[in-house]
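Welcome to this one. Here are a few notes to read alongside the structure, taken point by point.

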Amino acid sequence: MGELIVVENLTRDYVMGDVTVQALRGVTLSIAEGSFVAISGASGSGKSTFMNVIGCLDRPTSGRYLLGGQDMLALERSELPKVRGRKIGFVFQGFNLLSRTSAYENVELPLLYQNVDSGERRKRVTDALTRVGLADRMDHTPSQLSGGQQQRVAIARALVNQPMLLLGDEPTGNLDTRTGIDIMELFLELNRQGITIVMVTHEPDIAQYAERNLVFRDGRPVSDTRVATRRDPAGERAHLSALEAEVKIQ
Amino acid sequence: MNLLMIIRVALRALRRNRMRSTLTVLGIIIGVASVIAMIGIGQGARASVQSQIASLGSNLVMIFSGSTSRGGVAMGWGASSALKEDDAKAILAECPSVVNVSPVVRSPGQVVFGDQNWSTSVQGVWASYPEIRDWPLVAGAFFSDSDVRGSAKVCVIGKTVEDNLFGTSDPIGQTIRIKKLPFRVVGVLSSKGTDPRGQDQDDIIVAPLTVVQKQMAGTTSVNNIMASTSSPLLAGQAIDEMTALLRQRHRIGPNDNDDFIIRSQADIASTAEATSQIMTMLLGSIAGVSLLVGGIGIMNIMLVSVTERTREIGIRLAVGAAEKDILFQFLLEAALLSLVGGVIGVALGILTSQIVSSVAKWPTLVSPASIVLSLCFSGLVGIFFGFYPARKASRLDPIEALRYE
């Protein structure tokens with residue numbers, strides 16, 4: 001399999017008044033198609049900036065960025081929304097669903113911006129919601145859904161345009177442990193189906209679900225390790241139940 | 001993203017914020033409704049003034065005897081006795097622009113029929129009077145030139161007089177007493193309603209000039225002379241001809257003032273027209289201000305809405321919305337709000353003007369032009385005042401917007 005993401009000497013400077021903050025200081029790495037990568041690091045390490053740049057929400061100051069072989073820096077600023085809409089799906093810590101809007105309409109949103117016709121839209125939205133196990137909750141608004149369910153809606157929204165890359169920004173940050181395991185199980189399932197996943201997390205447990213861990217510090221990756229023993233959701237769930245049982249006995 | 005999708009997105013966004021949308025629309029509703037109602041009332045007033053003026057008779061030119069002053073006190077129009085029946089004869093003979101002429105002598109009088117009596121204005125005129133005033137009869141026939149020459153005691157009565165003296169019975173052929181003199185009723189004039197000054201034009205009896213002049217008013221002069229031209233365009237020419245003729249007949253020196261005054265129907269109409277036009281404009285501009293306030297309300301709400309919906313905008317940008325998608329969405333939201341407000345406002349405005357006309361007995365006229373105009377204007381108000389907030393929304397940085405709490 002080829003490389004989905006290739007970055008070379010990527011820098012991103014923020015000018016704040018007289019001070020220039022170097023959020024990225026020459027990042028060079030590549031991420032293979034079909035892989036599952038977790039990025040961690042202290043706050044201010046540049047991991048979020050890196051996510052934003054590869055998610056085409058932000059543009060680097062210098063360097064090279066190829067997404068699926070296409071040079072992202074050669075694109076006009078006005079072409080970036082199309083890339084975000086067609087090749088990338090985002091999952092955020094705070095879910096970021098539209099309030100007072102049904103799960104169905106939330107998932108449909110990216111399709112509206114890509115001129116997908118209504119029959120195809122219905123099919124794809126239904127498929128995506130079925131894939132995350134919420135086929136029976138389509139009419140529910142975010143306030144009628146639990147945190148885990150909201151995050152599933154957000155994942156369905158990220159999937160609906162059949163992206164090549166799924167970006168997760170602390171996807172389990174607002175969820176309890178058990179729900180976090182459920183979400184990771186879903187991520188692993190999607191990864192098995194061929195979607196490349198890059199996820200920022202500060203939780204070492206969560207990072208262990210990925211196959212590769214990158215650690216950022218001061219604007220560049222300082223370690224890049226293959227996860228020797230990946231976590232498996234079934235095992236974790238059993239472990240968690242055992243722990244809970246223990247607590248009850250005491 | 002095509003227009004249909006943007007409309008869908010905008011409609012959904014408006015539906016999500018029902019309360020806010022409703023309040024915003026309210027401003028435009030009030031603005032448009034007041035424009036429609038105000039212009040309707042103004043134009044209705046104008047139309048009724050026009051029809052009242054038309055009721056005086058078309059192509060009419062009136063000659064009044066001028067004012068005299070007695071001991072330095074000006075007496076007003078008609079006070080002098082400068083106009084004679086012979087002036088009318090001369091005008092008919094010598095002024096080519098004038099088609100018909102009738103002198104008018106007025107004398108108030110008590111009318112009696114059986115046990116009914118009524119006080120009205122008796123006017124002595126020539127047989128051409130109904131043609132000049134464009135005033136058809138509903139019953140009987142007008143008296144003839146020979147009746148005038150022979151001082152026949154016949155008369156034609158107005159609708160008000162008929163109602164008061166005869167009720168439902170037929171007046172034709174009956175004899176009534178005017179100032180104790182017996183007159184035979186030969187005709188009834190159709191109803192003309194009130195004149196622009198609010199006087200009942202149907203409260204009238206017309207009789208041959210000679211009789212009224214000699215046996216009732218006891219004068220040799222006439223109060224005024226009515227003349228008609230074949231078209232309103234000839235009124236100016238007729239005035240010039242009559243002025244020259246009367247100055248010559250009354251032996252007025254080149255440096256002296258006229259002892260008569262000539263007014264054409266067109267003069268009266270244009271004065272009244274100008275007055276009612278000013279009224280319409282005044283009402284319309286007051287209403288326009290409220291529409292403007294409604295527009296500023298839209299801008300205000302849209303600006304608040306952009307700030308409040310920063311995160312929503314961030315989400316949209318993250319899932320693939322382009323800057324122009326956001327721009328059009330917000331622009332369309334504003335335009336839809338004001339258009340919906342415009343439609344409801346038009347309905348409310350028509351309703352208001354109908355209520356005004358039925359309660360205040362004031363005619364109103366809502367023209368299609370004012371509806372189209374205020375709809376277009378309200379749409380433009382929405383786009384104009386929606387543009388700044390929409391541009392602000394579309395220029396948000398997606399990362400900042402997503403982080404916004």
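1. Which residues form a nonpolar patch on the surface? They are Met19(B), Leu23(B), Leu26(B) and Ile30(B), with about 430 Å² of accessible area together. Accessible areas here use the Shrake-Rupley method with a 1.4 Å probe, and for residues only the protein chains shown count as cover. Patch members have over 30% relative accessible area and no salt bridge, and nonpolar side chains (Val, Leu, Ile, Met, Phe, Trp, Tyr) are joined within 5 Å.

2. A word on the basis: this is a predicted model, where local features need pLDDT of at least 70, side-chain atom pairs count only at pLDDT 80 or more, and totals for chains, interfaces and linings use all residues. Residues are numbered from 1 along each chain as its sequence is written, chains are lettered from A, and side-chain values use heavy atoms, leaving out hydrogens and water.

3. Now look at the two chains together. Their contact (heavy atoms within 4.5 Å) takes 26 residues from chain A and 27 residues from chain B. About 2300 Å² is buried between chain A and chain B, with carbon and sulfur atoms giving 55%; buried area is the accessible area (1.4 Å probe) that two parts lose on being put together, summed over both. On the chain A side, Asn96(A), Leu112(A) and Tyr113(A) lose the most area to chain B, together 29% of what that side buries.

4. Four salt bridges are found across this interface, a salt bridge being a side-chain nitrogen of Lys or Arg within 4 Å of a carboxyl oxygen of Asp or Glu. Arg15(B) forms a salt bridge with Glu105(A), their closest N and O atoms being 3.7 Å apart.

5. Finally, Val198(A): leaving aside neighbours within four places in sequence, Val198(A) is in contact with residues including Ile5(A), Ile31(A) and Leu165(A).

Methods
Patches are made of residues with over 30% relative accessible area and no salt bridge: like charges are joined within 9 Å, nonpolar side chains (Val, Leu, Ile, Met, Phe, Trp, Tyr) within 5 Å.
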